[in-house]
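Notebook open, and a new chain to go through.

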Amino acid sequence: MTDPEWAFVELQLPPRKRLGCPPKTDRREVVNALLYMATTGCQWRMLPKDFPPRSTVQDYFYSWARSGVLDQINHVLVMAAR
């Protein structure tokens, strides 16, 4: 994901929680992993080691899907493409 693409997507992500330990995972790498999976159609267990652990990517994916963040990102990207 390029820097301008990331700047656009990052605005749609929910803010990080202020309480507790700071997260060790870069959300940009999580989005890159999700894009890789969507492009290649690979399974969770086949996610390359270059990305964060599959359980972390899976947790972010399900959290964002439940809260509607992924739908919002999709809508904004479709409107920008028009």
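My entries on this chain follow.

**Ground rules.** I'm working with a predicted model, where local features need pLDDT of at least 70, side-chain atom pairs count only at pLDDT 80 or more, and totals for chains, interfaces and linings use all residues. I number residues from 1 along each chain as its sequence is written, and side-chain values use heavy atoms, with hydrogens and water left out.

**Fold.** I looked up the secondary structure and got four helices and zero strands. Helices here are DSSP runs of H or I with at least four residues, strands are E runs of at least two, and numbering starts at the N terminus. Along the sequence that reads α-α-α-α. The radius of gyration is 13 Å, close to the 12 Å that the globule rule gives for 82 residues, so the chain is as compact as a globular protein of that length. For my own record, that radius is taken over C-alpha atoms, and the rule is 2.2 Å times the number of residues to the power 0.38. I also noted the C-alpha box along the principal axes, roughly 35 × 35 × 25 Å.

**Contacts and surface.** I call it a contact when heavy atoms are within 4.5 Å. Of the contacts with a separation of 6 or more, 48% are between residues 24 or more positions apart. The chain exposes about 6,200 Å², with carbon and sulfur atoms supplying 55% of that; the areas are Shrake-Rupley with a 1.4 Å probe, and for residues only the protein chains shown count as cover. Buried residues come to 30% of the 82, where buried means under 20% relative accessible area, exposed means over 50%, and partly exposed is in between (1.4 Å probe, protein chains only).

**Core.** Which residues have the most contacts inside the largest nonpolar core? I found L13, L34, L47, V57 and W64, in a core of 17 residues. A core here is a set of buried Ala, Val, Leu, Ile, Met, Phe, Trp, Tyr and Cys residues joined through side-chain atoms within 4.5 Å. Helices α1 (3-10), α2 (27-40), α3 (54-67) and α4 (69-81) each put in at least two residues. The largest share, five residues, comes from α2. Skipping neighbours within four places in sequence, I have L34 in contact with W44, V57, F61 and W64.

**L13.** This one sits in the loop between α1 and α2. Is L13 buried or exposed? It is buried, at 6% relative accessibility. Not counting residues up to four places away in sequence, L13 touches W6, R27, W64, V69 and I73. I checked L13 against I73 by C-alpha atoms too: they are 60 residues apart along the chain and separated by 8.1 Å.

**N32.** I find N32 in helix α2, and it is buried at 15% relative accessible area. Beyond four places in sequence, its contacts are M1 and F51.

**K49.** Going to the loop between α2 and α3, I picked K49, which is exposed at 80% relative accessibility.

**D3.** Helix α1 holds D3, exposed with a relative accessible area of 53%. I get 20 Å between the C-alpha atoms of D3 and K24, which are 21 residues apart along the chain.
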